Every structure is written in structure tokens, then in C-alpha cells.
Amino acid sequence: MVCGNRLPHYFLQEGSMKRVYVNEDVCMGCHLCEIYCQLKHAKSKDLIKAFKKESPRPLPRLRVEEKGVLSLSSRCQHCDDAPCVQACLTGTLTRDPVSRLVTADSERCIGCGTCMLVCPLGALRMDTEHKKMVKCDLCQDEEIPVCVANCPNEALLYMEVPNGNDKLEKKELTQTQ
Amino acid sequence: MSVPEKIKYLIIGNSAGGIGAAEAIREVDKKGTINVISDEPYPAYSRPLISDYLAGDYTVEKMLYRPVDFYEKNSIKTILGDKVIQLDTEKHTVKLESIKPLTYQKLLLATGGSPIIPRIEGNGLQGVFTFNKLDDARSIDEFLNRYTKKIRAVVIGGGLIGASVTEALLKREVKVTIVEMKDRILNTILDEETSAMEAEALVECGVEIITDHTAVSINSYFPGEVSGISLDDGRSIPCDMVVIAVGVQPRLDFIKNSGIKVNRGVIVDRQMQTSVADVYACGDVAEAFDFIYRENRLTPIWPNAYAGGRTAGRNMAGIPDKYPGGTAMNAVKYFGVKIVSAGLVVPPDESYETLREVHDHIYRKIILRDGKLAGMVFAGDIEKSGIVYNLMKDGTDVSSFKEAIISDDFGLTSLPDDIRQAKLATPPDKYISVVTSIEEPEEIVVEE
């Protein structure tokens, strides 16, 4: 289990599935996760250039939602038995057998939106310029996803899926509530 | 005499359902023999992309549903371009057109659907096509390539297939007239408002739409060639080609006489097993559980075929699994108009409640039954439609927040805390407290 930008990376076993979780009690809705995500997926790796010069403006792969005092940021959870992978009409979405990530081959995407219709979190975004879906890739070339690394309030947790199993996890969750 | 080897998993059909089953089997059984039979000579390809192929945007390679090495990597033997002609469920054998009979342990019928051809005069003429598989797109492509003049086409049927062939034909600069029997196009998957949106987009692209009429004959002036069609009101429309797109029906060919229980499609239980032991079915050929109608129904759509195939595959491999159920569900993007729909699109009677939000190019409609979602149609902004679809699938009572579902700022934060937190799998407190205790010493170091 890790948190914020001080990641004890050794804590994680190789090949284990990690996810970004949100602790909505401490999310302030500052949108920094969104901004860093946009920057990470921008052509220019410069904040000003990415936001002011790049057209179209790079899309974030996550979404920050706010309602009253409640705010949270959500992104693809790389579900076990991911409904988007099952529903994808073209084979764009697949589960990487090694990393266990749900990955998108944008070359194959036709932007039909079937994945969006089945995603329980509404986590997929439409790149209207290129008519393609974009999604969270958990920043594969980074030690920690940039959204987590740059969250100033440690509202985002990058941690192993408890027991590595969705069902157990939900059960555990209800037990603690 | 050698006893023919029993194939552990025999799959008839090489599309979404067959692939779904093969993948599910390989997840739990790495060794058992899998054979896939298809009368189409291609590796599995994305059927919806035949429209893009005809339009000229896609090659066959780009249409492949799985990487080229898929079959090899998963040790799946393919028998392509051959047709099953007989099934003997007692002997567990399948007879094919050109090779020796095969014996199976578990069989999956994923034969899909075939186009319905109305019995009208002239339907066998050259220049009359259907549009369900890659070879159909190829035939139309070859036909168009023969001419330099502007081609006029009549598409009979304004459903999904009719709309996708129209989109492709327009890109090939063909003048298209759609003849729809009902009062509006895409009437099974869209409601009145959204089907009007699509109709408007089509007309803007120069498509002529004739509703409330049917074609009674396809006419020929030069022998063998199409010269036009006649409508039920006596009107005739000149054209050079006709695409029949009135719908698909389960492909029951050899299944009909096999003793397997069939209604409109092959009847399956929640394990996707047919009435006969060791025989499973999924996809367009099967009548599987629909969670909105709460009964077995044909829902001939790609994602349900794949999901049903997975369930069948797991059960075939001995892992008990229950099909969660599917329902009609579509995402369309014809002519740039983005619409998704699922479940009911029009309330069947007064007992259903309908909520609607319309402004600019945004359209949201939900249909409720006893406080639970029974249908949805979203147009314009579809990114968060999945949250709604899953509430519907889970049978969540949404009466306390139904208004929020159609509002502009609907999202996870609109959901009651317990539903939202379960969806996000918010980490239990104990994990968060563990994290905090790790952090504390480091904070002190920072202060030094």
C-alpha cells in the first residue's frame, strides 16, 4: 500500500495488480490530477505549451467530479472481467496478460462509444478531434501514475488490489462499513 | 480401424461468440483441444467494420478482431471455408461439407444470423445484395468498381444494417434512397426524437428516406440487371442496385433437425446450455436471458455474443458460470451523430415513467419501471452513459436520484454514497490508516 509521492516501491510484488483509489474524504477538487494527466499525455511536455499552444488541447484520461463538498477523481480501474474489453466491437480494448492492464490500441478504435455505454464508472473519454476513445494507462513509464504523484492532499492512493480479487475486495469493503 | 480423436471443444462460428468462448476456455484450460469451424474463409474480423471496408477506409488486416497470431498462440485449430451440414448430438458428431466428420466432447453453436430476404420479385437479380459479412461488402465493392457513372442504390430497411451500408455507399458517392416499412428509421434501437436526429443527418447528406412503405418488386429492364424497385403504393424508384437490410434471423440451418429445442433461436439456460447435453449456444443464433424483459430473447448484438460466449466457454471447461443477461444495447455514430441506447427506447404502456432532458445537441431520456431503470437513450454527450447502463443492469432503485441522472452534471457524485463507494471500491479505512502510519515518520524527516 502506498500513498502520495513517497512510494515505497519495494512494497509491491512483481506482477501484482495495482490500482489508483480515491479517498474522497480528503479530495479537495483541485484538479491537479487532471492537469498532470493532460500534461503527461500532451505532445509537448511543457505545461504552458500543452495548455496554450497545443491544438487540440490534450485530453485528461481521468475525470474530476464535484458536487457540493464532495469531490473525487475517477479513472479506469482496469477491472477484472472488464466489461469494456468484452463489449469492444473491434478488438481495440484488450487485457495485457503481463501487466493485467486494460489497454487500448487506438489504431483500431472507431470511436463508436460501446465501451462508454458499458463502463460502470463512466471512466472513458472521447477524443472528439480524432474520433477515438482515450483511457487511463496508469502511466506505464512512470513509477507512480502522475495523478497520484501530484495529488497535494494524498487523496489518491496507488496500491495493490486487496487480495487481487474484485469480489473479495467488495466483500471486505462492506465488512468495514 | 482408427477411432477418430474426440475434440474437447468444438466451436461452430468464428465471430464474437466463438472467440469469446475460446478465450474463456483458454483462461482455464490451456491444453484441451479447441477447433473453430466457419464457412467464412477469414480469421475473426470485426463485423461492424464491413461498412468501413466498403467505404474504402479499412483493409481486411485492419479489421481483424484479434492479432494475426491469435489462433496459433492459443493453440486453436481452425477449419475455415467449410460448412457444417449435419449434427448428431447423440453420437457427438458434426458432418462437414468437405472434410471427414468430427467428434466432440463439448459443442458450441455460435453460427450467428443470416439476412432475412423478403419474398419479392427480382430478389435474385445481379445487383441485389445483403450486408452482413465481409464477402457482402466485397461483392458490393466489386459491383461499384465496374461502373464509372453515378450509381443509384435503394436500401430496403432503415435499421442498423441499412444505416451502415448507407453511410458506406455515400462515401463511395452513391445516391441512396432508404425504404423503411415503419414510420421512422432505426425504430427498434432509437426513440422518435433520436431517430429524427439521425434522419435529419442523413437527409443533409443527400439521402432520400421513404417511410411507411415497402418494396413489392425489384424490376429489371436489361435481363439480369436491376433497373429499379416498385413500392406498395405503385411508385417506382429507378436504381442500379438494391441492398436488402430488413433484418437478421438466427442461422439454424443444420440445427433445426438436430433435436435441439428451438423457438425463434436456440433456447439456452443461464449456463448457455441448450436442451441437449454438451451442446451450448450463444450470440445471434441463441435466445438468451434479457435482464430487462426478464425472459429469453434474441438480442443480436456483438457485445452480448461475446459475453454469452464467455459464459458458455467457462461452463464447457467445467467452471460453473451464470450468464448475467444482456439486453438490446447500441452505440451509433452515423454521420457524426453520437447516440447510445439500451433496454427499452419507448415505454410500452402508461405504467412506465419517462424522464427527459433536451437542450442544444444534448438529449437524455430514461424509462423507469417501479423505480428501476428499464431503458435509456442518450445523444450528444455519451461519456457517462455507462454509469446509467450499469444502474439499469444492476437493477438499482434510482427513484431517490432519478432527476439527477438526466441532468448535465450527472456523474459518480450524483449517486448515493453507498452505491458510489461500492463502485469505486473505495479502500477500507484500515488500508488508509496503514498508509498514514507509513507516512508519519517521513513527515518528520522533511521538517529537519
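This is a predicted model: local features need pLDDT of at least 70, side-chain atom pairs count only at pLDDT 80 or more; totals for chains, interfaces and linings use all residues.
Which residue in strand 25 of chain B does Val340(B) stand opposite?

1. Chain B overall. The secondary structure of chain B comes to 12 helices and 25 strands, and its C-alpha atoms fill a box of roughly 90 × 70 × 50 Å when the principal axes are used. Of the 448 residues in this chain, 45% are buried. When contacts in chain B between residues at least 6 apart in sequence are considered, 63% of them join residues that are at least 24 apart.

2. The opening question. The residue that stands opposite Val340(B) in strand 25 of chain B is Phe378(B). Strand 25 covers residues 372–379 and runs antiparallel to strand 22 of chain B, with 5 bridges joining the two; within this pairing, Ser341(B) has Val377(B) as its bridge partner.

3. On the side of strand 21 (residues 329–332) of chain B, the two strands run antiparallel and are joined by 4 bridges, one of the pairs being Val332(B) with Ile339(B). Strand 21 and strand 22 of chain B form a hairpin in which 6 residues lie between them, and Phe335(B) in the turn has a positive phi of about 55°.

4. Helix 9 of chain B. Of the 10 residues of helix 9 (residues 385–394) of chain B, 8 are buried, so the helix is largely enclosed by the rest of the structure. The buried residues of helix 9 are Ser385(B), Gly386(B), Ile387(B), Val388(B), Tyr389(B), Leu391(B), Met392(B) and Lys393(B). Their cover includes strand 22, strand 24, strand 25 and helix 10 (402–405) of chain B, together with helix 4 (114–118) of chain A. Helix 9 is followed by Gly395(B), whose phi is positive, near 70°.

5. The nonpolar core. The largest nonpolar core has 172 residues, and those with the most contacts inside it are Cys84(A), Leu108(B), Val242(B) and Cys282(B). Leaving aside neighbours within four places in sequence, the contacts of Leu108(B) are Ile11(B), Ile12(B), Gly18(B), Ala21(B), Tyr280(B), Ala281(B), Cys282(B), Ala312(B) and Met316(B).

6. Domains of chain A. The domain assignment divides chain A into domain 1, made of 1–75 + 137–177, and domain 2, made of 81–135. To the contact between them, domain 1 of chain A gives 8 residues and domain 2 of chain A gives 10 residues. On the side of domain 1 that touches domain 2, the residues divide into 4 nonpolar, 1 polar and 3 charged.

7. Strands 2 and 9 of chain A. Strand 9 of chain A (residues 156–160) is mostly covered, with 4 of its 5 residues buried. Strand 9 pairs with strand 2 (residues 18–22) of chain A in the antiparallel sense over 5 bridges, and Val22(A) has Leu156(A) in strand 9 as its bridge partner.

8. Met28(A). This residue has its place in the loop between strand 2 and helix 1 (32–40) of chain A. Met28(A) counts as partly exposed because it has 13 C-beta neighbours inside 10 Å, where 12 or fewer would have made it exposed. Not counting residues up to four places away in sequence, Met28(A) touches Ser71(A) and Asn153(A). The C-alpha atoms of Met28(A) and Ser71(A) are separated by 6.4 Å, although these residues are 43 residues apart along the chain.

Technical notes: Residues are numbered from 1 along each chain as its sequence is written. Chains are lettered from A and ligands numbered from 1 in the order in which they are written. A residue is buried if 20 or more other C-beta atoms lie within 10 Å of its own, exposed if 12 or fewer, and partly exposed in between; C-beta atoms are placed from the backbone. Two strands pair if DSSP finds at least two bridges between them. Domain bounds come from an automatic or database domain assignment. Two residues are in contact if their C-beta atoms, placed from the backbone, lie within 7 Å. Ala, Val, Leu, Ile, Met, Phe, Trp, Tyr, Cys and Pro count as nonpolar, Asp, Glu, Lys and Arg as charged, and the others, Gly among them, as polar. A nonpolar core is a set of buried Ala, Val, Leu, Ile, Met, Phe, Trp, Tyr and Cys residues joined through C-beta atoms within 7 Å.
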